[in-house]
Amino acid sequence: MTTKFTQKCFSLLSGDMLFSSVFFFFCAFSFAQQEFEFSIPDSLQPKSYIELKASFDADKKDSLSRYVYAKSYIAKATQDDNRLEMTKGYELLGFAHHHNYRKSFSYYDKAIEISKNLNNKHYPAILYIYKGAILSEKNNYKEALENHLKALEYAEANNNVELAYVTKHNIAILKKHLELYDEALEIFKECYEYEVNNPDRDEYDFLQSHFSLAEIYIEKNTIDSAVKYNTKGYNLALKLDKRYCKSFILNEGLIAFHKKNYRQTIEKISKVVDSLGDEIPTRVPMNGFFHLAKAYDSLKQKEKAVVYYKKVDSIFTAHPYSFTTNLIDTYKALFSYYRATDDKANEAYYIDKALLASDIYKEDYRALSNKIIKTFDRRDLLEKQKELNKALNQKDKKYSTLKLFAFIFIALFSIAIIVFYYKQRQIKRRFQELVEKHEKAVKAKQNLTQITNEDEKQIGLADDIIEQILVSLCNFEEKHTYIKPDITLPNLSKRFKTNSAYLSRVINTYKNKKFAEYLNDLRVDYAIEKIQSDKHFRLYTIKAIAIEVGFNNSQSFARAFKRKTGIKPSDFIKQLESIST
């Protein structure tokens with residue numbers, strides 16, 4: 001079953017878009033003309049917009065020809081000073097680059113810029129929907145939600161009720177993926193009521209609404225409601241297209257699982273899960289295979305369960321954007337199974353796969369729901385990996401005599417106690433020094449460093465350039481912009497309207513640090529302040545704190561923290577907690 005946003009967005013392209021504004025803004029034309037230069041081939045000169053669009057649609061396999069048709073469309077619209085047709089042309093150029101979604105986004109963004117003042121029913125709302133749909137598939141939930149909300153804003157402003165409900169449905173799907181089931185359910189119900197009362201509804205959209213409601217009620221374990229909407233959806237699928245019945249049969253298997261009828265679960269899901277079709281989102285068969293595995297597990301048939309857990313893993317390996325929290329339980333079941341059978345090689349393999357999955361999604365860490373964060377705690381996986389590696393390395397090692405073992409153990413234990421107490425004293429002393437130093441730094445006001453002739457001569461830049469960079473750095477620090485994870489010397493230079501060499505020289509001279517050290521120190525200071533002032537922040541994992549203040553991972557955060565303070569962040573938090581209690 002194709003997702004609703006794919007069905008609706010691209011079906012809208014076939015309709016004629018009315019040009020609702022006759023007032024052309026000079027800035028939009030200038031934008032299009034400056035950004036686009038292309039000579040229409042002689043053979044395409046006489047073609048109309050409709051003919052160019054038809055040629056584009058007919059030539060789906062030849063990407064080079066599609067580029068020519070799309071660019072000719074834009075050039076023609078630019079010559080005609082027709083902003084609506086310019087928008088459609090950039091939309092086509094975005095479609096032509098579908099294999100590179102970030103490239104396609106650059107053309108959708110140009111189309112948005114041109115069309116945002118048109119007051120058109122479809123544009124730019126539908127362009128935001130394209131972007132949101134693609135980003136959802138890529139699991140970039142935060143950016144996807146931003147685009148869906150923009151789509152909703154323009155759809156409602158331009159009175160496109162149908163498109164507004166399509167967008168609401170997409171937002172609900174996003175919330176369902178984040179396991180915000182109650183919020184998703186309210187939106188799905190609102191969309192369903194709209195379609196029930198809309199005599200001109202798209203029946204395939206209506207079918208999708210039944211499926212979404214059945215899915216969400218299954219997740220909430222509200223089985224009576226799940227059965228109600230799944231049965232209605234199945235009967236509607238029988239009338240529209242029997243191929244869609246398979247998704248509802250799979251839901252019947254999931255419902256049977258919640259009723260603890262595991263044999264019926266196996267019967268229903270096995271019947272359809274291998275033949276759902278490529279148009280079905282990969283999360284659907286993954287969910288089916290996972291519940292097959294759980295059903296066999298419940299029937300104490302561990303070997304059969306492992307077969308289906310591995311199928312979940314194989315789908316994720318082939319489609320790493322298809323992340324679900326069932327994947328977490330899948331890997332837990334696999335490495336637990338191999339731990340129980342003393343197969344340490346496979347146990348290590350699936351722990352590594354779980355860690356790999358965690359790494360893939362670290363960039364969207366803050367956008368994921370609390371359940372995913374709490375369940376997929378990287379620290380726990382790393383601890384298991386550490387224990388397993390130790391067991392593997394020591395498996396074939398034996399001590400020569402028990403006496404030697406006892407002697408070494410007692411000696412090491414004694415040394416460890418001495419080192420432990422020494423380190424604790426050292427950590428406490430450094431903690432006290434750090435707190436005092438940080439309090440003094442907070443009280444001290446940050447002033448721009450005075451620019452002297454000697455500094456100007458040393459740095460080799462004019463004083464007005466130095467002053468402009470210092471002012472930008474001051475704003476950068478005061479607004480805590482440095483906690484954004486994508487800060488680099490080149491993009492910060494661009495934001496400051498200077499170049500990397502100038503910015504680097506100023507930081508080296510006036511901050512007495514290299515850029516990386518300067519950025520890391522700001523983030524560490526911010527983390528110290530948050531940990532001291534916010535009790536809830538102390539409850540975060542080290543990884544969560546690291547990402548919250550702009551680091552990519554906990555290791556780089558811990559290194560930067562210890563370099564600056566002399567102690568690890570975990571020790572700092574422990575010392576702070578000991579004082580609080």
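Reader: Why is S72 called buried in this predicted model?

Author: The relative accessibility of S72 is 1%. Buried means under 20% relative accessible area, so S72 counts as buried.

Reader: Where does S72 lie, and what is S72 in contact with beyond its neighbours within four places in sequence?

Author: S72 lies in helix 4, which spans residues 63-79. With those neighbours left aside, S72 is in contact with F38, I40, P41, L44 and L52. Contact here requires heavy atoms within 4.5 Å.

Reader: What makes A151 count as buried?

Author: A151 has a relative accessibility of 0%. The cut-off for buried is under 20%, and A151 therefore counts as buried. The residue A151 belongs to helix 8, residues 141-157.

Reader: Which residues is A151 in contact with, leaving aside its neighbours within four places in sequence, and how far apart in sequence and in space are A151 and Y128?

Author: A151 is in contact with A125, Y128, I129 and T167. Between A151 and Y128 the separation is 23 residues in sequence, and 5.1 Å in space from C-alpha to C-alpha.

Reader: How do helix 23 and helix 26 pack, and which residues meet?

Author: Helix 23 (residues 463-478) packs with helix 26 (residues 515-533) at an angle of about 30 degrees, and their axes are 11 Å apart. From helix 23, L473, F476 and E477 meet Y518, L519 and L522 of helix 26. By class, this contact has five nonpolar residues, one charged residue and no polar residues.

Conventions
Residues are numbered from 1 along each chain as its sequence is written. This is a predicted model: local features need pLDDT of at least 70, side-chain atom pairs count only at pLDDT 80 or more; totals for chains, interfaces and linings use all residues. Side-chain values use heavy atoms; hydrogens and water are left out. Axes are lines fitted to C-alpha atoms, for helices over the stretch in contact, and angles run from 0 to 180 degrees between N-to-C directions. Helices (H or I, at least four residues) and strands (E, at least two) are DSSP runs, numbered from the N terminus. Ala, Val, Leu, Ile, Met, Phe, Trp, Tyr, Cys and Pro count as nonpolar, Asp, Glu, Lys and Arg as charged, and the others, Gly among them, as polar. Buried means under 20% relative accessible area, exposed over 50%, partly exposed in between (1.4 Å probe, protein chains only).
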